[in-house]
Amino acid sequence: MLSILIWLPILGAAIIGFLPASVSSRQIRNAALTVTGVTLLWTIWLFTQFDLSNSSFQLREYLPWIETLGMNYELAMDGLALVMLGINSLLTWVALLSASETTERPRLFYSLILLICGGVAGAFLAQNLLLFFLFYELGLVPLYLLISIWGGEKRGYAAIKFLI
């Protein structure tokens with residue numbers, strides 16, 4: 001259940017990134033809004049499934065990954081992660097809703113925002129350091145690209161400062 005919050009935006013980013021050039025900017029924006037809208041609705045549904053009287057991690061997902069190193073794909077959510085996931089989903093949807101339809105390179109722009117959404121959700125849900133690091137980097141690199149491509153006057157300087 002939690003993996004949907006991660007992999008739906010990432011899958012949406014991949015699909016939008018590989019759309020043909022003949023697809024209009026408006027259609028790309030609508031596709032990205034649909035993906036983030038479904039993610040937001042799924043987050044709201046998770047709010048209804050969360051037991052507020054239980055302070056431990058809930059809705060766990062576990063999948064053995066690199067067994068020789070003891071690394072697993074393990075996700076879980078506590079109350080703080082639930083709130084942060086709600087904020088992430090809502091702000092991503094609002095950001096895409098307020099983005100201009102005439103954005104240059106719309107496939108790249110919307111794909112990067114969806115990758116950030118999936119990476120942030122993964123970082124909030126990760127239950128081991130390797131998984132946290134992978135999802136954190138998945139959110140960091142697209143954010144650097146967004147700053148360096150669509151940033152203001154000193155966008156190169158700002159992007160490097162962001163990474164440092």
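User: Contact means heavy atoms within 4.5 Å, so which residues does Asn88 touch, leaving out those up to four places away in sequence?

Analyst: Asn88 touches Cys117, Val120 and Ala121. Before we go on: this is a predicted model, where local features need pLDDT of at least 70 and side-chain atom pairs count only at pLDDT 80 or more, while totals for chains, interfaces and linings use all residues. Residues are numbered from 1 along each chain as its sequence is written, and side-chain values use heavy atoms, with hydrogens and water left out.

User: Where is Asn88, and is it buried or exposed?

Analyst: Asn88 belongs to helix α3 and is buried, with a relative accessible area of 11%. Buried here means under 20% relative accessible area, exposed means over 50%, and partly exposed is in between, with a 1.4 Å probe and protein chains only.

User: OK, zoom out. What's the secondary structure of the protein chain?

Analyst: There are 6 helices and 2 strands in the protein chain. Read from the N terminus, the order is α-α-β-β-α-α-α-α. Helices (H or I, at least four residues) and strands (E, at least two) are DSSP runs, numbered from the N terminus.

User: What share of the residues is buried? And what about contacts across the sequence?

Analyst: Of the 164 residues, 38% count as buried. For contacts with a separation of 6 or more, 69% come from residues 24 or more positions apart.

User: Switching to aromatics. How many aromatic pairs turn up?

Analyst: A search of the whole structure gives 5 aromatic pairs. One of them is Phe109 with Tyr110, edge-to-face at 5.1 Å centre to centre and 80° between the planes. Rings of Phe, Tyr and Trp (its six-membered ring) pair if their centres lie within 6.5 Å; planes under 30 degrees apart count as stacked, over 60 as edge-to-face and the rest as tilted.

User: Are Phe109 and Tyr110 buried or exposed?

Analyst: Both Phe109 and Tyr110 are buried, and Phe109 has a relative accessible area of 13%.

User: Why is the Phe109 and Trp150 pair edge-to-face?

Analyst: Because the planes of Phe109 and Trp150 are at 70°, with the ring centres 5.2 Å apart. Phe109 lies in helix α4 (residues 106–125) and Trp150 in helix α5 (residues 129–150), so the pair ties together parts that are 41 residues apart in sequence. Trp150 counts as partly exposed, at 22% relative accessibility. Ring pairs link Phe109, Tyr110 and Trp150 into a cluster.

User: Which residues other than glycine have a positive phi?

Analyst: Among them are Leu59, with phi near 55°, and Arg105, also with phi near 55°. For background, most residues other than glycine have a negative phi. Leu59 is in strand β1 (residues 58–66) and is partly exposed at 22%. Arg105 is in the loop between α3 (79–98) and α4, and is partly exposed at 47%.

User: What does Ser3 contact, beyond its neighbours within four places in sequence?

Analyst: Ser3 is in contact with Leu8, Glu61, Tyr73 and Leu75. It is in helix α1 (residues 3–17) and counts as buried at 16% relative accessibility.

Note on methods: Contact = heavy atoms within 4.5 Å.
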